[in-house]
Each structure stands twice: as C-alpha cells, then as structure tokens.
Amino acid sequence: TMYSGGFEEAIKTLNIVDAHATPNGFVRAELKVEKGHCNMADTLHGATVCLLVDLVGNMTRLANTAIQDLGPSVELNVSFIRTAKLGETIVVEAQSLKNGRSIAFTSVSIYRKDDRALIASGRHSLINFRPESRL
C-alpha cells in the first residue's frame, strides 16, 4: 500500500480522481463519509479532517516526480468551517505551494461534493526529502 501507519481503515475508500505535476504538484480525491470517519453526532470527525490534510497534502509531493518519499510533518493547522454528514461525499483538493530545499509547504481544501460548501482548509509543512539528499 502507499501508506502504512495504522490509518488504513480510515482511508481505504479514499479515491484519487486527479493528480498531476503542476509546478509543484496537485491532487484531488473523494471520500464518502462512513461511520468510521464520524464523531458521535454522525458528522465528519476533526481527526479525519486532519488525517486528510496530512495525507493528501503529502501526496502532492508524490505527484511531482522529483520527490518520491512521504515526509514527516513539521506543522499542520486546520480551520474547521462546516461539517459533512454520514453518507455525504467530500472532495479534498491539495496543492504544493513550495518545495524548498528542506521544507515543503502544502495547502488543502475540503468541501462537500454536492454543494461545494467549504468544510475545512488546512496548511501542512513537512520535511522535504529529495533524492539528491540521500546518503
């Protein structure tokens, strides 16, 4: 699998619908909100949102062919704006803002597919492992 860290159940239904190397990378994914993604009110759990900002933001670096590793997080922040209900489909759009020498910066927007209402927006900074930096 592409990701192995104990969160496989939460993301096994994540569907990548678009990924390409813009100057730094872009990924669009969809996820149907299932019971395992929800809190006690059957709405999208904040931890699921954070996981998506982390993972899909990191995937933008894989869309850029020069970078082949997922990097560890340095900083992650999320603004929670609305929620999604059990059964709704959400869209996660991530773009790499900058791939610096040692740090990469990504931006992620999550919205409901049916009305494009913004659910959350996030920024994610992570260590940038580049092939030439390997010993």
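Predicted model: local features only at pLDDT ≥ 70, side-chain atom pairs only at ≥ 80, totals over all residues.
Histidine 37 is found in the loop between E2 and H2. With a relative accessible area of 2%, histidine 37 is buried, and its side chain reaches the backbone oxygen of lysine 32 at a distance of 3.5 Å. Beyond the neighbours within four places in sequence, the residues in contact with histidine 37 include Ala10, Thr13, Leu44 and Thr48.

Side chains of opposite charge can pair when their charged atoms come close. The count of salt bridges in this model comes to five, and those that share partners join Asp18, Arg28 and Glu93 into one network.

Because arginine 28 lies in strand E2 and aspartate 18 in strand E1, the pair ties together parts that are 10 residues apart in sequence. Arginine 28 also forms a salt bridge with glutamate 93, where the closest N and O atoms are 2.7 Å apart; this pair links distant parts of the chain, since glutamate 93 is in strand E4 and arginine 28 in strand E2, 65 residues apart. As for accessibility, arginine 28 is partly exposed at 27% and aspartate 18 is partly exposed at 25%, whereas glutamate 93, at 18%, falls under the 20% limit and so counts as buried.

## The sheet and the helix packed on it

Six strands form an open sheet in the order E1-E2-E4-E5-E6-E3, with antiparallel pairing. Strand E1 (15-20) and strand E3 (73-80) are the edge strands, each of which pairs on one side only, and neighbouring strands are turned against each other by 15 degrees on average, direction ignored. Within this sheet, E2 and E4 run antiparallel and are joined by seven bridges, and alanine 29 stands opposite valine 92 in E4.

Helix H2 packs on the sheet and touches E1, E2, E3, E4, E5 and E6, its direction making about 125 degrees with that of E3. Threonine 60, which is found in helix H2 (residues 46-63), is buried, with a relative accessible area of 0%. Leaving aside neighbours within four places in sequence, threonine 60 is in contact with residues that include Asn24, Phe26, Gln95 and Thr106.

## The nonpolar core

The largest nonpolar core has 26 residues, and among those with the most contacts inside it are Leu14, Leu52, Ile90 and Ile110. Two or more residues of this core come from each of helix H1 (8-11), strand E2 (26-32), H2, strand E4 (89-99), strand E5 (103-112) and strand E6 (118-127), and H2 gives the largest share, eight residues. Leucine 52 touches Leu14, Leu31, Gly57, Ile90, Val92 and Ile110, not counting residues up to four places away in sequence.

## A partly exposed leucine

Leucine 97 is found in strand E4 and, at 34% relative accessibility, counts as partly exposed. Apart from neighbours within four places in sequence, leucine 97 is in contact with Asn24, Phe105, Thr106, Ser107 and Arg123. The C-alpha atoms of leucine 97 and serine 125 are separated by 9.8 Å, although these residues are 28 residues apart along the chain.

Notes: Residues numbered from 1 in each chain as written. Heavy atoms only, no water. Helix = DSSP H or I, 4+ residues; strand = E, 2+ residues; numbered from the N terminus. Buried < 20%, exposed > 50% of the residue type's maximum accessible area, 1.4 Å probe, protein only. Contact = heavy atoms within 4.5 Å. Core = buried A, V, L, I, M, F, W, Y, C linked by side-chain atoms within 4.5 Å. Polar contact = N/O pair within 3.5 Å; in protein donor to acceptor, adjacent residues only side chain to side chain. Pairing = 2+ DSSP bridges. Axes fitted to C-alpha atoms, helices over the stretch in contact; angles between N-to-C directions. Salt bridge = Lys/Arg side-chain N within 4 Å of Asp/Glu carboxyl O.
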